Amino acid sequence: MKFFIDTANLAQIKEANELGILDGVTTNPSLMSKEGIKGEEGVIEHYKKICDIVDGDISAEVLATEFDKIVEEGKKLAAIHPNIVVKVPMIKDGVKAIKWFTDNGIATNCTLVFSAGQAILAAKAGARYVSPFIGRIDDGNWDGIQLIEQIASIYTIQGFQTQILAASIRSSLHIVKCAEAGAHVCTCPLEPIMGLLKHPLTDIGLAKFLEDGKKMGSAIA
Ligand code: E4P
């Protein structure tokens, strides 16, 4: 399973990248706006900075909702860097635009996906990624992980090449469950990624090893 970080914060992107396990980045208008990014130039410059940090797919979301405008905006985003993946919402004109991008060699991430039917449409249109929003589904008392399982099963049976990008991740357990359920990618804020490191028995075990190690004298250096 690939790991993407779900933020537009450059410091957090650098921290995750330095861990050596990062495969890409996802952003959305809310995450970009949180970093104070404004205007076309600001957006372009910020994506250039992200692409300079991470060598992997970087999702950049369109704001347009009409076919012609989605295509126009997506072409501009794709021109920023070869690693940019145009993120398009799961709406009628979005599906049409994803098909257009597919036919024209531009990679896409179909976002705001909440059902298996929507995931089938995204795959039929040729999206590179489909983004089911696990956390938001759980927030509504449905089961986000069950949706990942369902999409994974359908994609396997049908031989779809679209990769399931589990999004809206709220916890480290979500990441583990997404891996079990067959997600190809998990996009997460920094905290759940770092949370995977934690186990109290690791801390207790390391403290004991270090204590006993002192009895051995200096370490090999
Ligand atoms: C990423 O692709 C999504 O936009 C993001 O994961 C949504 O997360 P949220 O539900 O925490 O806003």
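**Exercise 1.** How far does a polar side-chain atom of Arg-136 lie from an oxygen atom of the ligand?

*Solution.* Before we start, a quick note: this is a predicted model, where local features need pLDDT of at least 70 and side-chain atom pairs count only at pLDDT 80 or more, while totals for chains, interfaces and linings use all residues. Residues are numbered from 1 along each chain as its sequence is written, and side-chain values use heavy atoms, with hydrogens and water left out.

Step 1: go to Arg-136, where the distance is 2.7 Å.
Step 2: finish with Arg-170, where a side-chain N or O atom is 2.8 Å from an oxygen of the ligand.

**Exercise 2.** Which residues are around the ligand, and what classes do they belong to?

*Solution.* You get Asp-6, Thr-26, Asn-28, Lys-87, Phe-133, Arg-136, Ala-167, Ser-168 and Arg-170.
Step 1: sort them into classes (Ala, Val, Leu, Ile, Met, Phe, Trp, Tyr, Cys and Pro are nonpolar; Asp, Glu, Lys and Arg are charged; the others, Gly among them, are polar). That gives two nonpolar, three polar and four charged residues.

**Exercise 3.** Which helices each supply at least two residues of the lining of the largest pocket?

*Solution.* Step 1: take helices as DSSP runs (H or I, at least four residues), numbered from the N terminus.
Step 1: pick out helix H2 (29–34), helix H3 (39–53) and helix H4 (67–78).

Key. Near = heavy atom within 4 Å. Polar contact = N/O pair within 3.5 Å; in protein donor to acceptor, adjacent residues only side chain to side chain.
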